[in-house]
Structure formats: C-alpha cells, structure tokens
Amino acid sequence: AFFLCSSLKSITFPSSTKSIGIQAFMWCESLESIKATGNLIDISYSAFDETAWLNNQPEGVVYVGEIAYMYKGEMPEGTFIRLKEGTKGIAQEAFLGYKELTSIYIPRSVEYIGWRAISQCKNLTDVFCNAQNVPQTNPIPYASQGIFYGSQSKAILHVPKLAIEDYNSNDLWKGFIEIVEMDATIN
C-alpha cells in the first residue's frame, strides 16, 4: 500500500486496523514514527523493513505496539526469547530461520501468531505457551506456512494443564515431540 513512499514520516493506525499486509511500508526510508493501537493483532512479513523506524530500534525483539515484529541483529547461540507480558501477537516470519533460538516463552496474552513465525528454527527444544486458548492464525494454504514448520522435530511444547487437549487437537500445534503441562516456575 505504501511501498517505497519516501516522503512518509509517521503513521498512526486507527483502532479499526487489525492487520498490516506484506511489505505495506517497506522502503519508506523516512518513516520514523509508528503508533499502533491494541486492536492490531497481525503484521505480515517485511511490513516495516528498510525504514528509519526499524533502523533506530535496538537489537533484540522489536515490537510494533503489542506485536512482536521481528528479531533485529545477531542472535546469540542458545537464545531463549521471553516475549513481554501484554504481547497480543507474533508477526509473520518474526523468528523465521534462527538456528540459534532454542526456547521461546509466549505469554497468555498472545491471541494470534502469523504464518512461519517460528519456522525453520532447527535447534528449538522448548516452546512455553502460557495462553489458555490456542492462539489463532489465518488458514494456511501450504504446509510450509505453518507457525512452527521445520521447528517442531526436537521441541517440547509446554502449555497450561487445562489446555493440553486443545493444543493436541490443533493441527498447527500437534507436531511437537510432546505436549506437556507447563511448570509454574517458568512464570
């Protein structure tokens, strides 16, 4: 929608905005300010890549409002990402292909996780998902666009005890080695 819009300096998303499409603001080199409301739950890949705003973000997990947008910088080996409480969503491809990622904590506030958000993370061993309700995603047209595609083969999914059956019966979440009750000490 605004791809290569070099004069755009700031954007405030109205409360009616629920998602931002693929590369919507990519190469908006002057874009320095982004304000997002709590209704935004889905950000597609590369939506804000190559912007002044992204360049000015510190290394680590970058957020757009309450959405974990991406990991910026060099990820150290054996990384455990703990998403902050109040996070509502994880953007498409946010952590795609990070072989250094071994564990991730998803707080109970997460409602939505985008396609391939945590895919191809070959050394992922533990996913701690404290969400009582299974986070939603868009219907996927291809198996390669699942949330955890290529990341589940060595990983254990830790969820609240009362939610184990819901995760076990969900096609996008049942490919883990095991789905177990989350240890209360992870909180």
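Me: What makes residues 52-55 a helix, and where does W53 sit?
Reply: Helices are DSSP runs of H or I with at least four residues, strands are runs of E with at least two, and both are numbered from the N terminus. W53 has its place in helix α1, residues 52-55. This is a predicted model, in which local features need pLDDT of at least 70, side-chain atom pairs count only at pLDDT 80 or more, and totals for chains, interfaces and linings use all residues. Residues are numbered from 1 along each chain as its sequence is written, and side-chain values use heavy atoms, with hydrogens and water left out.

Me: Why is W53 called buried?
Reply: Buried means under 20% relative accessible area, exposed over 50%, and partly exposed in between (1.4 Å probe, protein chains only). W53 has 7%, so W53 is buried.

Me: Why does F2 count as partly exposed?
Reply: The relative accessibility of F2 is 36%, which lies between 20% and 50%.

Me: What makes F2 and F25 a stacked pair?
Reply: Rings of Phe, Tyr and Trp (its six-membered ring) pair if their centres lie within 6.5 Å; planes under 30 degrees apart count as stacked, over 60 as edge-to-face and the rest as tilted. For F2 and F25 the centres are 5.0 Å apart and the planes 5 degrees apart, so the pair is stacked.
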